[in-house]
Amino acid sequence: MEDSPVADDSKAGKLHQQKAAQAPVSGTRPDQGEAPVADYEIPAAAHPTKAGHEANAGAPPAHAHIPAPPTAEAKYLHPVLAQPPEALTGLRLEARAKVAAGVTAVIKSMQFSWGEDGVGRGTKALLGLNQKDGFDCSSCAWPDPDEHRSVAEFCENGAKATASDADDKAAGPEFFAQHSLAELSRMTDRDQNNAGRLTHPLVKRPGGTHYEPISWPDAFQVVADELNALASPDEAVFYTSGKVPNEPAFLFQLFVRQFGTNNLPDCSNMCHESSGSALSPTLGLGKGSVTLNDFYEAEVILIIGQNPGTNHPRMLSALQKAKRNGAKIISVNPLLEAGLNHFKNPQDFMNPLRALGALLGDGTPITDVFLQVRVDGDMAVLRGIMKHLLEAEKLNPGQVLDQAFIGEFTTGYDAVVETLHNTSWEDIEEISGLSRAQLLEAANLLAHKQKIITCWAMGVTQQRQGVQTIQEIVNLHLLKGAIGKPGAGTCPVRGHSNVQGDRTMGIWERMHAPFLDALDKEFAFKSPRKDGFDVVESLKMMNAGKTKVYFSLGGNLLAAGPDTEFIAEGMRKQKLTVFVGTKLNRGHLVTGETSLLLPCFAHVDIDRQKSGHQMTSCENSMGVVSQNKGILVPLAGEMLSEVAIISGVAIATLGPDRTNVADWVAMTENYDVIRDHIARVIPGFEKFNEGLRQPGGFYLPNGPRERKFTTANGKANFTATTLEKYPLEPGQLVMMTVRSHDQFNTTIYEYNDRYRGIHNERRVLFMHPADMAERGLKAKDLLDITSHYEGEQRTVEKFVAVPYEIPKGNVAAYFPEANPLVPITSVAKVSNTPTSKYVVVTVVPAKVGAAPQAQKQRAEAVPA
């Protein structure tokens with residue numbers, strides 16, 4: 001590979017001079033190289049426990065009781081609303097859809113894209129989406145095909161995300177001059193997002209009620225002054241969204257560590273932290289082990305706690321192809337989602353042989369066996385399936401379990417067998433809500449198959465025993481030898497576009513020593529070794545007044561995190577809050593004493609620096625790193641790239657005494673320089689610039705994919721877990737939070753959820769008809785919801801009851817509206833992930849009335 005442009009300015013931007021190998025051929029399993037050290041393998045002696053971190057810093061430890069913040073009363077206490085407004089928008093109910101995608105998805109994609117961006121700009125954006133020479137979708141991290149890609153290589157939600165990013169409306173200084181923060185907070189989350197792209201840097205001064213313009217140099221200096229005034233670098237928290245590409249993510253963690261802290265919480269802490277915590281000690285790598293091509297060879301695919309039709313729609317194309325190749329699919333979920341039922345592939349409308357059938361037929365049936373599990377009952381489902389497999393192996397020795405694989409590659413088999421024998425069918429049926437016969441039907445599909453893939457998402461990771469449930473998934477795969485071979489392996493389906501890549505780049509509060517040693521050597525400094533705080537720990541610290549600066553590189557932690565009013569209280573205690581983003585969200589409005597709102601480019605925007613048109617990169621759910629190169633001219637204004645913003649903050653804060661200013665300038669002028677640094681720090685990126693210019697990018701090393709298990713003992717480890725029962729009090733229900741079809745993460749595009757039959761409303765609670773009847777509720781009745789945890793209560797008001805096909809005793813509501821009910825201290829074991837998929841609640845008819853006079857007076861006395 002050529003020298004970096006930092007060594008020869010004449011080479012800057014001349015991309016055609018880079019030579020590239022051929023992209024992996026579809027259907028092959030490319031060489032993965034040597035697996036890197038496990039990214040979650042943390043020596044306990046060198047890294048104190050999370051509880052120790054919190055206690056040493058003076059924040060409440062993990063086991064401490066924390067009083068519930070006011071939730072229902074908060075709207076009277078603070079003029080800037082942390083929760084979405086309670087005004088209802090007019091619910092219209094229809095029957096649940098039984099087919100995902102189809103013509104409707106195409107029409108909705110076009111309507112949204114052209115409505116947001118105009119026909120020309122919108123069409124151009126869609127044609128470049130997920131193409132090898134285009135830009136990466138800013139929504140989910142589902143992989144693109146290695147070889148052929150269609151003209152329309154996107155789904156409905158990808159089209160919505162792209163249209164939102166490419167919005168041709170501007171929310172500039174005039175918009176913020178017209179609306180105070182209090183007024184903006186009374187807009188719905190949809191209307192905030194639809195206000196337009198942020199175009200100018202803005203500041204809210206102490207005591208101010210509005211954001212107002214500020215120059216970039218002054219904004220950088222505000223950050224520098226506040227950071228440098230801290231008594232300790234650990235008084236600052238630096239949060240990262242999974243939308244951030246690799247290059248700015250690497251720079252962000254570099255700046256934070258040069259500043260002197262490992263306080264790098266990110267959205268992974270709230271989604272797939274449980275996956276990494278389970279996979280690394282068992283398989284050696286906290287990532288999945290399959291490629292997209294493995295789906296086409298799989299014999300059985302399990303989908304657990306995931307709704308691909310809404311959250312990862314392009315996955316349905318892979319499932320359709322797998323079905324056409326003969327695969328069977330088992331779906332485990334409390335709700336039978338449309339995407340788990342039937343799928344009409346929009347691509348079929350362009351195929352003359354399939355167009356008529358796609359138009360008039362029911363589409364491809366997806367699920368062969370549907371297990372409608374109780375919320376939080378997935379672990380019992382897996383136990384039951386494995387218990388059946390053990391019994392089948394006993395009757396057919398050597399024909400059900402892969403004894404050769406178990407003997408050569410694994411440890412801990414006997415302990416798991418004993419655990420399965422000691423687990424009663426009564427407990428399995430009670431916890432799962434499924435019968436022994438139903439679980440046998442699933443086990444029979446698996447019994448004589450070894451090409452098995454298991455997919456899961458936040459329906460598993462956000463349970464109390466999310467880590468242990470994923471360890472049971474691994475146990476199942478080890479019993480069957482279903483890993484490290486074509487058509488088989490583990491598949492945690494990541495949410496945001498680069499949430500997996502951000503972790504690879506070092507966005508983690510507990511990075512392992514080899515990464516930090518390599519970083520120190522590359523940049524000639526000594527990075528801090530004391531572990532930082534994850535999201536939950538950071539929020540506790542902020543709420544306890546132990547931090548003074550909160551810096552967010554993208555994202556909306558207020559709406560994504562648990563216990564909304566607890567987060568808001570912590571934000572208000574900060575001296576400075578900094579929000580880097582593309583569009584307005586509610587999290588930008590609940591601020592510290594001073595607040596900065598800094599506009600950055602989106603994936604779709606052309607990023608021109610001194611060396612020319614820049615590209616960044618993202619890592620998808622299956623470890624493929626590919627380019628992201630914007631194709632639209634940014635709106636007029638003063639937006640900067642994330643790289644330029646981070647570099648500006650780093651130079652202003654650290655100065656020439658604590659960093660190499662010239663290197664920050666070089667990295668901003670040409671992103672190849674960043675990638676050269678990454679190539680020398682992170683295993684698997686040795687030829688980063690060259691690999692990124694290959695059509696389709698390159699695969700990162702993956703030990704489990706090649707049966708190289710980089711665990712402490714070099715084996716794949718079975719795990720004997722404990723199946724716990726959690727009794728409820730009379731009248732209590734278990735709630736899970738879900739997304740609507742017209743949202744991605746915390747971004748709300750519309751008020752509809754057409755697959756579930758919901759139109760023009762988000763404040764709904766899905767309930768079993770029998771549970772409604774027991775409480776005297778009818779469809780569309782208003783109700784209040786109260787969560788119960790450790791003797792504390794949190795209440796949200798004015799939700800609409802919706803009868804639905806959900807297990808009795810379970811209810812579901814959308815986030816962020818239901819997030820105030822999730823206690824900050826209710827977290828998954830080991831991973832510390834908030835338990836948004838297990839919230840104990842009671843439901844009563846709504847108490848709709850006027851605010852108490854004392855609360856009204858208090859609210860009026862609080863400045864906006």
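Colleague: Between which strands is Asn745 found?
Modeller: This is a predicted model: local features need pLDDT of at least 70, side-chain atom pairs count only at pLDDT 80 or more, and totals for chains, interfaces and linings use all residues. Residues are numbered from 1 along each chain as its sequence is written; side-chain values use heavy atoms, without hydrogens and water. Strands here (E, at least two residues) and helices (H or I, at least four) are DSSP runs, numbered from the N terminus. Asn745 is in the loop between strand E26 (743–744) and strand E27 (747–748).

Colleague: Is Asn745 buried or exposed?
Modeller: Asn745 is not a glycine, yet its phi is positive, about 50°. Buried means under 20% relative accessible area, exposed over 50%, partly exposed in between (1.4 Å probe, protein chains only). The relative accessible area of Asn745 is 18%, so this residue is buried.

Colleague: What is the relative accessibility of Asp563?
Modeller: Asp563 also has a positive phi without being a glycine, at about 55°. The loop that holds Asp563 runs between helix H27 (557–560) and helix H28 (564–572). Asp563 counts as buried because its relative accessibility is 0%.

Colleague: What is omega for the cis peptide bond at Pro816?
Modeller: Pro816 lies in the loop between strand E32 (810–814) and strand E33 (839–845). The cis bond joins Phe815 to Pro816, with omega at about 10°.

Colleague: How many disulfides does the structure hold?
Modeller: A disulfide is a pair of cysteine sulfur atoms within 2.5 Å. Cys491 is buried, at 1% relative accessible area, and Cys618 is buried at 1%. The number of disulfides is zero.

Colleague: How many residues of helix H14 are buried?
Modeller: Helix H14 spans residues 315–324 and is mostly covered. Its buried residues include Met315, Leu316, Gln320 and Lys323. After H14 comes Gly326, with a positive phi near 105°. Of the 10 residues in H14, the number buried is seven.

Colleague: At what angle do H29 and H30 pack?
Modeller: Helix H29 covers residues 642–658 and helix H30 residues 661–669; their axes are 10 Å apart. The two are roughly antiparallel, therefore; that label applies over 145 degrees, with under 35 roughly parallel, 65 to 115 roughly perpendicular and the rest oblique. Axes are lines fitted to C-alpha atoms, for helices over the stretch in contact, with angles from 0 to 180 degrees between N-to-C directions. For H29 and H30 the angle is about 175°.

Colleague: Which residues of H30 make the contact with H29?
Modeller: Contact means heavy atoms within 4.5 Å. On the H29 side the residues include Val643, Ile646, Ala650 and Pro656. The H30 side consists of Val661, Trp664, Val665, Met667 and Thr668.

Colleague: Which are the edge strands of the six-stranded open sheet?
Modeller: The strand order is E6-E5-E18-E17-E16-E7, with mixed pairing. Two strands pair if DSSP finds at least two bridges between them. Strand E5 (residues 202–204) and E6 pair in the antiparallel sense over two bridges, and Leu202 has Pro213 of E6 as its bridge partner. Pairing on one side only are the edge strands, E6 (212–213) and E7 (236–240).

Colleague: At what angle does H29 run to E16?
Modeller: Helix H9 (residues 216–228) packs on the sheet, touching E7, strand E16 (549–553), strand E17 (576–581) and strand E18 (594–599). The direction of H9 makes about 135° with that of E18. H29 lies across E16, E17 and E18, and its angle to E16 is about 155°.
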